[in-house]
Amino acid sequence: MNPAGNLRSDIQQALQRQRLTAWQRNFLTDIHSRLEWSQGQARLSDKQWKKVLEILGRPSNVIAMPPQTVTGYPTHHRAKKSFRLPFGRAGKRLNWRLRSLAIGFLIVAAVAVGQQVFDLGREHFQSAPTAMQASQQQEFTVTDGDTVHVVGEAAGTRLVGFNTPEKFSPECEYERQQGERASARLRELVAHGTARLTKVACACAPGTEGTTKCNHRRSCGTLLVDGKDVGSILISEGLAVPFVCGRTSCPPTPRPWCKI
């Protein structure tokens, strides 16, 4: 059965009628031409179908044009598929490049941060108290011209072989001033040289070292800066005097500064 052919035949017969109005004749002539030109595949709107069937005097549900046969995907689906394929590949390449770029940025940032941490650590090390860095064996600070304090110990360490002016309990103003100079000079020596502090036995009675009966609980030691004993340096500069003890005792402490 060919509904389109039947419709064209019905329209051709209707055009031969004398009772059609001019508008109806023009309308059917146009529809007939479209069907002829399209081999019966022309699509009519619902309103056009209703009007054609009304003019032909048929119920609106008697004839319906068959839908156009569609094979495969519609054109827009094929276009969408052909568009996605290259986009997917390009997207993968783009994602790979973005990941590579991000990894490169992370590596550069890590190197930069590492360099900054190294620089900060180096600056901190260089700006740390020089007296704390100076010892190759122990960290210490300078208390006065002949006493240092090892970090972590309760009492100080008395340097042996010399005595410097007192700045905490001076007998006169001149001794205090010389004591300040001796302390400053010892700090300067340690800051500008390589210092080595070595603990030695104190000249105390056996069994008393580390108590109040031996050097006021202080330990004893020698301090070398660039291989030179700091006591010898201070003595040569007039900021200290020799003070040599025996194995278990010391002579009276020399304090000549207020007798000058």
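W23 and F27 both sit in helix α2 (residues 22–37), and because they are 4 residues apart there, about one helical turn separates them. Helices here are DSSP runs of H or I with at least four residues, strands are runs of E with at least two, and both are numbered from the N terminus. The ring centres of W23 and F27 are 5.3 Å apart and the planes meet at 5 degrees, so the pair is stacked. The rule behind this takes the rings of Phe, Tyr and Trp (its six-membered ring) as paired if their centres lie within 6.5 Å, with planes under 30 degrees apart called stacked, over 60 edge-to-face and the rest tilted. The count of aromatic pairs under that rule is 1. F27 has 14% relative accessibility and therefore counts as buried; buried means under 20% relative accessible area, exposed over 50%, and partly exposed in between, with a 1.4 Å probe and protein chains only.

The model is predicted: local features need pLDDT of at least 70 and side-chain atom pairs count only at pLDDT 80 or more, while totals for chains, interfaces and linings use all residues. Residues are numbered from 1 along each chain as its sequence is written, and side-chain values use heavy atoms, with hydrogens and water left out.

The chain has 7 helices and 8 strands. Of its 260 residues, 30% count as buried. Among contacts (heavy atoms within 4.5 Å) between residues at least 6 apart in sequence, 60% join residues at least 24 apart.

A nonpolar core is a set of buried Ala, Val, Leu, Ile, Met, Phe, Trp, Tyr and Cys residues joined through side-chain atoms within 4.5 Å. The largest one holds 19 residues, and F140, L159, L186, V190, L197, L223 and V230 have the most contacts inside it. At least two core residues come from each of β1 (140–144), β2 (147–150), α6 (173–191), β5 (195–200), β6 (219–225) and α7 (230–236). The largest contribution to this core, 4 residues, is from α6. Beyond its neighbours within four places in sequence, L159 touches D146, V148, L186, L197, G221, T222, L223 and V230. Another core lies apart from this one and has 15 residues, including A14, L35, L53 and L56.

Next comes the largest pocket. A pocket is an open set of points on a 1 Å grid over the protein atoms alone, where a 1.4 Å probe fits and protein lies on both sides within 12 Å along at least five of seven lines; lining residues have an atom within 4 Å of a point. The largest pocket contains about 570 Å³ of space, the volume being that filled by probe spheres set on points joined across faces, edges and corners. Its lining has 30 residues, of which R158, N215, R218, F243 and C250 lie nearest the centre. Two or more lining residues come from β3 (157–159) and from β4 (161–163), and the largest share, 3 residues, is from β4.

N215 is in the loop between β5 and β6, and its phi is positive, near 60 degrees. R217 lies in the loop between β5 and β6 as well, with a positive phi of about 70 degrees. Most residues other than glycine have a negative phi.

R247 is in the segment after β8 (241–243). Its relative accessibility is 78%, so R247 counts as exposed. The C-alpha atoms of R247 and A203 are 4.9 Å apart, although 44 residues separate them along the chain.
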